[in-house]
Every structure is written in structure tokens, then in C-alpha cells.
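Work through the two exercises below with the structure at hand, and try each task before you read its solution.

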Amino acid sequence: MLVKFFRHGAGSGAGPLNYLLGSDRQRADAKLLYGDPVMTEQLINANPFKQKYKSGVLSFTEQSDQFTDEQKMDIMQRFEETLFTGLEPDQYDILWIEHSDKDKKYEVDQDGEKIEGSETGGRLELNFVIPCQELRSGKSLQPFYARSDLIRVDAFKNIINQEYGLTDPNEPERKRLTNPYVNNAPRPTPYDKKSKSTKEEDDEIIANPPNTNALKEAIDRKMLQSLTDDELKDRKSVIKFLGHLGLEIERATKSSISVSHPAMKRNIRLKGAFYKEDFRAANHQPRIIEELQQRYARTIESRESKDLITWRKGMEIKKEYHQALYVDIKAPEPLELGIQAVLSNNKPYAEPVKTETPTLKHSFGPRP
């Protein structure tokens, strides 16, 4: 699963709704899962702020029919919790629409023609639209700001992928060796490991390493990115790159390079295809990816623990932020209905007035 947030959000509510449901609200393979499209569109149009809405998608490589409704609900609700922690359900509006029209599969006959009725559901996409306004006060509400929310949302993505056994886009073997964002594709995207925040994290680790393993992993990520950017050619370029990272070359053998770091008491021995004497970028890319994939698989438990700690810490910070921003906002008092309303007006009545509490009907029930 990937989490994508789109850049657009300053126009009218018709824009995202027409795309998600079709201009006639009859888009094929689009399913309303939660919310009221009419209300969401009206809230966006009435929003006085420049940023009127935030939209995005939870995108899966798995087919839509591989998930139950309960599983979709769980993922959606936990994503809302990640964005809106500290807020009550009546303080924000969100619209969820499922798409299943991407990468559909079907069988063909001996002539290569599509067999009628053999088509299966396409990839699951859970699209969301959020008006950028807190509903009790009318104040601006920013559901996602990359600089403060990226790490927490990225941790949520990792937790869901691991828990449900979904495709992990962070696996080295799935990394693209070219930049997939050379056009005007929506940004920012929490899964993009070339993001500014991730670069800054690795720079901080290399400048102030907490331990040897963390330093080695940060160096390897820098190496992989440099290889992706076509900056590494041979061992000479590797040694030069290590020098740019502030590392002192202490020893170079046929199979490794040892470097020293001002903050580390012992030299760090770097092993792997990057650091071998016969390293040539063009010949070693598949082998490097394989080695990084094996190392990634070995660290699954430590990464799970780190993601959970990161998510919980981020949730505490975001909750405090929301509660401080909307501290004086209280829920409106409930209306007096039925008997109590009659008694308060001192009006005679013949029989007790029966009242029922209205139930909101949604595909998946109320939000958490």
C-alpha cells in the first residue's frame, strides 16, 4: 500500500467529485464507501480559505476482491485516526470512494479475444476527500502538512502493510532506479524515499550516529540513492563519495572499505558490492539490490518496533496540536425533542409524544 496526497485543493468541490464519481455520478467501478458527496461538495464550496480541500488515495497492488468490507473499514478508520487524532468525528468531514478499475485481469481464448465474464476486479484504491475546515468553529483545518505529518503517516503505512501482509514499497528490490516524479505528478508522497525529510534523517544519522548499525544503514541508503542518480561508476567514485559524507578512508581491501568517524571510537568496516575492488555500477546493480533486500528482510522485527514507536509518538504530538488549536471549541448543545420540548413550552398534550433517536446510515457505520 502507498499513501498519496495530491497537490490540488484550491478549486471547487465539483473537481474531485467529478473525477471520483464521474460528472454524472455513474463512474464505472467507483463505489461510495462512506460520507455524503453532496455535503462534502457544499462544504468545500463554502470554505473561505485558500486551501479548500485535501485529497489523496490509499493505493494497493492487491486486487479489490482480496479485501473484505471489514478490512477496508479498519484501514480507513485507522487512517482517519492518524490524521485527526484529538478531534471528534463531528469536527471534520471525509468522503471515501473506492476505485477498482486499474489493472483489471481477464482470460482470453485461443484467438486472443477476451472471454466474456472472465474479468476480475482491478487494484484497490481507497480515495478520500477532506474539506479543510473544522466544522464546529469554522477555523481552517489542515489534514496533512508534509513537514510535520510525513513521518507519522509513513509509519502508519508500514504498520498496515506488515499487519495485512501487503506489498511493501520500501523493499530494495521494488525501488525504481529512475526518478518516478519527473513530471507534475502530485506531491508530497510519504512513501517516496527521496523526500526531503528522509534525506535529512540520513544526514543527521551520518553526522551524529546513534550506533554502528544505524550509520552503516544510512551510508548504504546514500550509496543506493547515488547509484540511482547515476553518480557512482567504480570504486574510485565510491571512495570519493564516502569522503563527501565526512568519512575518513582508513583501509581498502578487495572486499571492503574501512572508514573512521569522529564520533565513533572504532573504524567502521563497510562490506558489500558497493565497497568491493571490482565494483562497476553497470554490472553490480542487481547484486546490490539483492544484498540490500536480504538485509532489509533480516531487520523486519526492529523496523516494526520502530514504526510503532514513531507512530505513537507522532500521534501524541498531533493530538496535543489539535487540542491546543481547537481548545475552546465545544460541541453544540443537543436540541430538546418530544415531551421535554412540549413541557418546556407549557403546552397541553393528550398523549405522550414518542420520539426516536435518528440513526445515521453509512456503509461502514460511524467513525471511531
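Two residues are said to be in contact when heavy atoms of theirs lie within 4.5 Å. Keep in mind that the model is a predicted one.

**Exercise 1.** Describe how helix H6 and helix H7 pack against each other, and state which residues meet.

*Solution.* Two packed helices are described by the angle between their axes and the distance between the axes. For H6, which covers residues 212-228, and H7, which covers residues 235-244, the angle is about 125° and the axes are 11 Å apart. The crossing in which H6 passes H7 is right-handed. From H6, the residues Ile-219, Lys-222, Met-223 and Ser-226 take part, and they meet Val-238, Phe-241 and Leu-242 of H7. Sorted by class, this contact has 5 nonpolar, 1 polar and 1 charged residues.

**Exercise 2.** Work out the order of the strands in the open sheet, and find which strands stand at its edges.

*Solution.* The sheet has 3 strands in the order E6-E7-E8, with antiparallel pairing. Strand E6 (248-252) and strand E8 (268-271) each have a single partner strand, so they stand at the edges, and one side of each is left without a neighbour in the sheet. Neighbouring strands are turned by 30° against each other on average, direction ignored. Between E6 and E7 (residues 256-260) there are 4 bridges, and one of the pairings joins Ala-252 to Ile-257 in E7. Finally, H7 packs on this sheet and touches E6, E7 and E8, while its direction makes about 15° with that of E7.

Technical notes: Residues are numbered from 1 along each chain as its sequence is written. This is a predicted model: local features need pLDDT of at least 70, side-chain atom pairs count only at pLDDT 80 or more; totals for chains, interfaces and linings use all residues. Side-chain values use heavy atoms; hydrogens and water are left out. Axes are lines fitted to C-alpha atoms, for helices over the stretch in contact, and angles run from 0 to 180 degrees between N-to-C directions. Helices (H or I, at least four residues) and strands (E, at least two) are DSSP runs, numbered from the N terminus. A crossing is left-handed if the near helix is turned anticlockwise from the far one by less than a right angle, and right-handed if clockwise. Ala, Val, Leu, Ile, Met, Phe, Trp, Tyr, Cys and Pro count as nonpolar, Asp, Glu, Lys and Arg as charged, and the others, Gly among them, as polar. Two strands pair if DSSP finds at least two bridges between them.
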